[in-house]
Amino acid sequence: MEVSRKMANMLGTDRDLNFKETELCLGLPGGGGSEPETTKATGKRGFSETVDLKLNLQSKEDSMKNASKANNQLLPCTKDPAKPPAKAQVVGWPPVRSCRKNIMMAQKNTSEEGKKVNGSAALVKVCMDGAPYLRKVDLKMYKSYQELSDALAKMFSSFTMGNYGAQGMIDFMNESKLMDLLNSSEYVPTYEDKDGDWMLVGDVPWEMFVESCKRLRIMKGSEAIGLAPRAMEKCKNRS
Amino acid sequence: MSEDDDRSPPLDLRRADIAESSNKTRNCTGVSGSGGSVPGPGPSSMEFQAPYPDQVLENVLENVLQFLSSRRDRNAASLVCRSWWRVEALTRSDLFIGNCYSVSPRRATARFTRVRSVSIKGRPRFADFNLMPPDWGAHFAPWVTAMASAYPWLEKVYLKRMSVTYDDLALLAESFPSFKELVLVCCDGFGTSGLAVIASKCRQLKVLDLIESEVTDDEVDWIAFFPESGATCLESLIFDCVECPINFDALERLVARSPSLKKLRLNRFVSIGQLYLLMVRSPQLTHLGTGSFSATEGMAQGEQEPELFTAFAACRSLVCLSGFREILPDYLPDISPVCANLTSLNFSYAHINADQLKLVIFQCHKLQIFWVLDSICDEGLQAVASTCKDLRELRVFPFDAREDNEGPVSDLGLQAISEGCRKLQSILYFCQHMTNAAVIAMSRNCPDLEVFRLCIMGRHRPDRVTNEPMDEGFGAIVMNCKKLTRLAVSGLLTDRAFSYIGKYGKLVRTLSVAFAGDSDMGLKYVLEGCPRLQKLEIRDSPFGDAALRSGLHHYYNMRFLWMSSCRLFPQGCQEIARALPRLVVEVIRDDAIEHTDETVDILYMYRSLEGPRDDAPGFVTIMQ
């Protein structure tokens with residue numbers, strides 16, 4: 001590979017890394033999570049290399065240490081195709097002002113945290129026909145349709161519970177009740193799913209709804225009538 | 001003051017001068033300027049005499065010279081003869097001090113007596129990257145003290161890389177009743193209490209701009225210190241670098257009673273909902289910094305979705321947009337209404353990808369200045385290149401500023417920009433990998449380039465494809481870009497690159513070098529070849545005392561030379577100090593640098609009329 005050829009030219013003696021790559025050893029390929037923040041002069045080795053007990057690994061590290069002490073400059077990047085051993089960070093290099101570096105670091109941390117907490121918030125816009133404002137809700141804050149409809153009712157005062165049956169949500173099982181609702185002038189919640197289809201809220205299990213809902217729109221039942229066949233369709237397929 | 005003004009006039013002129021100064025009947029102001037360091041009797045005798053022919057000339061001259069605004073023109077005019085020198089000094093209203101240690105406040109205020117606006121620069125640029133130990137100097141205090149008595153009508157202060165304290169700001173606020181503009185760039189040493197005193201006492205304040213400065217949180221609600229009632233004169237309020245929460249209600253009220261406000265750049269403690277409220281109060285804004293551009297944490301569930309789109313649509317004069325400090329990309333399309341008018345867009349804190357960028361960039365046809373993070377990748381740069389045909393300045397910052405990362409932007413992005421943005425004048429580009437070919441392409445495609453700063457983050461990294469040094473690329477830049485005045489080099493570079501710079505870089509004024517070169521010859525080529533060189537900053541390059549000697553003929557023409565972690569020894573530095581008495585040669589010890597030999601950590605030298613400064617800290621040795 002081009003990379004390793006370049007390395008051969010640049011580095012001279014420290015070429016054992018290539019052998020490391022083709023060796024069979026116990027660890028995972030590509031190395032474990034060597035976090036760049038904690039690099040030392042020799043860099044953290046990937047998992048495969050730490051597990052490997054060959055002594056020449058040690059001596060390579062030593063020789064790198066000595067080399068970097070001798071001249072004030074570290075060796076050029078030893079490119080491990082799987083994971084480059086990170087160099088120690090030199091003061092003031094790259095020349096990015098520390099306030100900018102700090103801000104970037106903070107942004108990285110928050111985005112990583114966001115990923116850890118079960119994915120980022122499921123923010124969706126909610127609008128209601130006739131209301132002059134939009135709301136935004138995080139679906140992950142609710143555990144059921146009931147909770148969602150309670151919250152929507154608080155946000156949009158004309159959105160009353162109406163004929164929602166015991167669970168507070170549209171009872172899809174009851175075909176006639178559904179048709180009544182859709183013929184009335186009551187408001188019903190609808191949503192746009194991942195496929196771009198507009199559906200009546202309540203037809204899929206809650207978790208699936210949270211995953212697939214992109215946008216919510218509360219419209220008059222009579223307008224939602226066009227969605228009913230699809231809702232019935234999906235409903236029937238499930239039962 | 002880039003000219004050496006310490007020249008005695010010829011004797012006959014001096015006699016005439018003495019006679020004139022006693023006949024001064026100035027009709028402009030009652031003050032008869034003493035002309036600074038002119039020897040002779042004071043100007044107080046007002047005996048009547050028929051006006052000298054030169055007197056008439058001086059009056060005419062004054063009326064003419066007051067229109068000269070360029071300081072280079074003024075410096076030239078002041079060298080014509082004694083009388084021109086004096087009149088120029090009287091009519092200079094904007095004083096620019098490129099290095100605060102090159103001249104003393106006393107000398108400057110003695111020569112220029114009617115100054116309304118002062119700009120002072122302090123620390124060298126490499127101090128921004130923690131290469132200078134803290135508390136090195138560049139204090140505003142002696143300047144503000146001198147100006148408090150010398151310039152009662154001072155209106156504007158611009159400081160860059162200076163240390164400013166609360167006391168300095170308090171003195172400033174008290175001493176200048178006409179004070180209108182304060183601009184602090186990359187400054188430190190003060191906090192929100194200092195801002196409070198400015199806000200409360202400077203009743204004519206039009207401009208309060210804090211740019212990339214470090215402002216400590218003294219827990220003072222500085223926004224509330226602006227006068228509560230009546231309209232303010234504020235035209236510009238920039239505080240995006242202030243890392244402390246602000247009183248939003250006070251800010252909202254302030255904006256509401258600032259009808260002249262054109263520039264407003266908020267810090268990241270202003271949420272998008274708050275931004276909306278401010279925007280509806282100030283649709284006349286031309287420059288807007290959006291603050292966080294994100295919802296506040298703990299925003300009430302279902303908090304009113306701000307109609308940001310309409311707010312932007314109402315800002316018909318908006319030409320410059322920045323901020324986006326914690327951007328929620330969902331909101332990005334809301335800026336669409338202003339995109340077509342934008343000439344300047346700063347996304348350099350916005351962690352967005354190519355697709356998110358494309359939502360807005362395709363409408364930004366008038367864009368001239370664009371700052372962005374490399375998270376947009378080469379693909380994002382291609383989008384910029386295809387749309388922004390008028391682009392003059394591009395800066396691509398690294399999201400992850402380390403040496404060994406993937407490098408989302410590369411030579412491909414640079415190539416695309418060079419092909420699409422032919423009018424490019426200034427570029428700052430951080431990347432992991434580059435090729436000579438892309439740099440050469442840019443040198444050919446963008447002949448208007450004046451500033452070329454390429455930072456290949458991997459030290460000593462050669463051409464990604466050919467494995468050659470980057471000499472030819474940078475060589476092409478100096479050769480083909482005939483207007484080039486500023487250059488920053490990086491990657492694997494041999495002395496050959498410097499020979500190109502010396503041979504072709506005839507207009508280069510500022511040069512930044514890091515981890516480059518093979519031998520003294522590199523530096524020699526530059527010092528011998530670049531007659532316009534004014535600012536040279538070098539780090540971690542193998543240049544030694546012999547190379548330093550080769551610049552003796554030129555150092556008086558330069559503002560400064562910085563060399564850190566090179567191959568200089570104290571003897572070499574001392575030689576320079578002895579050869580050039582008007583040069584201040586500072587050898588700065590940096591305990592953070594480890595080395596086993598006697599080489600100098602940091603050499604920082606600059607011309608000065610004052611000799612060694614008296615405020616040097618212990619780790620600074622001034623060679624003599």
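1. B:Ile97 sits opposite B:Ile120, a residue of strand β2 of chain B. The model is a predicted one. The strands involved are β1(B), residues 94-97, and β2(B), residues 117-121. Their pairing is parallel and runs over four bridges. In a regular strand, side chains alternate between the two faces of the sheet.

2. Helix α5 of chain B spans residues 105-111. Together with β1(B) and β2(B), helix α5(B) forms a β-α-β unit. The unit is right-handed.

3. Next, the annotation. An unreviewed UniProt entry assigns "domain: Transport inhibitor response" to residues 114-159 of chain B. In the model, this span is 22% helix and 20% strand.

4. B:Val144 belongs to helix α6 of chain B, residues 141-150. Why does B:Val144 count as buried? Its relative accessibility is 1%, and the cut-off for buried is under 20%. Which residues does B:Val144 touch, leaving aside those up to four places away in sequence? They are B:Asp168, B:Leu171, B:Leu172 and B:Phe176.

5. B:Leu561 is 417 residues away along the chain. The C-alpha atoms of B:Val144 and B:Leu561 are 27 Å apart.

6. Now chain A. Its secondary structure comprises ten helices and five strands. The chain has 239 residues, and 40% of them count as buried. Its accessible surface is about 13300 Å². Carbon and sulfur atoms contribute 55% of that surface.

7. Contacts in chain A can be sorted by sequence separation. Take those with a separation of 6 or more. Of these, 55% join residues 24 or more positions apart.

8. Confidence in chain A needs a comment. The mean pLDDT of chain A is 63. A score of at least 70 is reached by 46% of the residues. Over residues 1-18 of chain A, pLDDT stays under 50. Where pLDDT is low, predicted coordinates should not be read in detail.

Note on methods:
Residues are numbered from 1 along each chain as its sequence is written. Chains are lettered from A and ligands numbered from 1 in the order in which they are written. This is a predicted model: local features need pLDDT of at least 70, side-chain atom pairs count only at pLDDT 80 or more; totals for chains, interfaces and linings use all residues. Side-chain values use heavy atoms; hydrogens and water are left out. Two strands pair if DSSP finds at least two bridges between them. Helices (H or I, at least four residues) and strands (E, at least two) are DSSP runs, numbered from the N terminus. A crossover is right-handed if, with the strands pointing away from the viewer, the path from the first strand over the helix to the second runs clockwise. Buried means under 20% relative accessible area, exposed over 50%, partly exposed in between (1.4 Å probe, protein chains only). Contact means heavy atoms within 4.5 Å. Accessible areas come from the Shrake-Rupley method with a 1.4 Å probe; for residues, only the protein chains shown count as cover. UniProt positions are given in the numbering used here, feature names are shortened, and annotations may be inferred rather than shown by experiment. pLDDT is the predictor's confidence in each residue, from 0 to 100.
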